[in-house]
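Visitor: I am new to this kind of model and would like to learn how its features are read. Could you take me through them slowly?

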Amino acid sequence: MSKIRRISIAFRNETLDKLDKYMREMKLENRSKIVDEAIQLYLSERGLLMREGYIGGAIVIYFEHEVEHELTELQHEYLDVIISNTHVHLDEKNCMEAILVKGEKSKIKDLISKMERLRDVKVLRFSFFDVS
Ligand code: NI
């Protein structure tokens, strides 16, 4: 078994409330184990962005339609890594896009961090794999 280290971390109330609700419903008792697994998952996705090289994959975003113009402008700056984009108008206020990318990690990382900084982007998820 791996060694453990105890640390103190602050969470938003709503995050812990959601976690506690999930644990009750799933009849789980070890909160530390879930947080540990969540961080492992986070790093397995984001860790791929750390090293130099090429990746391919998909970015999925859910956002308020007001940000659509800004989002399009931004994507025009990354034509070299964006392969395709599918936009869906979900309702009067919200849209989603699935953006397929391939190219240098540093550029894709830039694109993601700029998207994450846009106001009205509610959810951003991605999944990548190494491309040689
Ligand atoms: Ni739309």
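Visitor: Which residues lie nearest the centre of the largest pocket?

Guide: A pocket is an open set of points on a 1 Å grid over the protein atoms alone, where a 1.4 Å probe fits, with protein on both sides within 12 Å along at least five of seven lines, and lining residues have an atom within 4 Å of a point. Here 19 residues line the largest pocket, and Ile4, Arg5, Ser32, Lys33 and Asp36 lie nearest its centre. This is a predicted model, in which local features need pLDDT of at least 70 and side-chain atom pairs pLDDT 80 or more, while totals for chains, interfaces and linings use all residues. Residues are numbered from 1 along each chain as its sequence is written, and side-chain values use heavy atoms, with hydrogens and water left out.

Visitor: Which protein atoms are donors of the nickel ion?

Guide: Donors are N, O and S atoms within 2.8 Å of the metal (3.2 Å for Na, K and Ca), and water is not among the atoms, so sites may look incomplete. In this model the nickel ion has as protein donors Glu68 (OE), His87 (NE2), His89 (ND1) and Cys95 (SG), at 2.0 to 2.7 Å, and along the chain their spacing reads E-x18-H-x1-H-x5-C.

Visitor: Are Cys95 and His87 buried or partly exposed?

Guide: Buried means under 20% relative accessible area, exposed over 50%, and partly exposed in between (1.4 Å probe, protein chains only). Cys95 is buried because its relative accessible area is 1%, whereas His87, at 24% relative accessibility, is partly exposed.

Visitor: What volume does the second largest pocket have?

Guide: A volume is the space filled by probe spheres set on the points, which are joined across faces, edges and corners. For the second largest pocket it is about 500 Å³, and 13 residues line this pocket, with Phe11, Arg12, Thr15, Lys18 and Ala38 closest to its centre.
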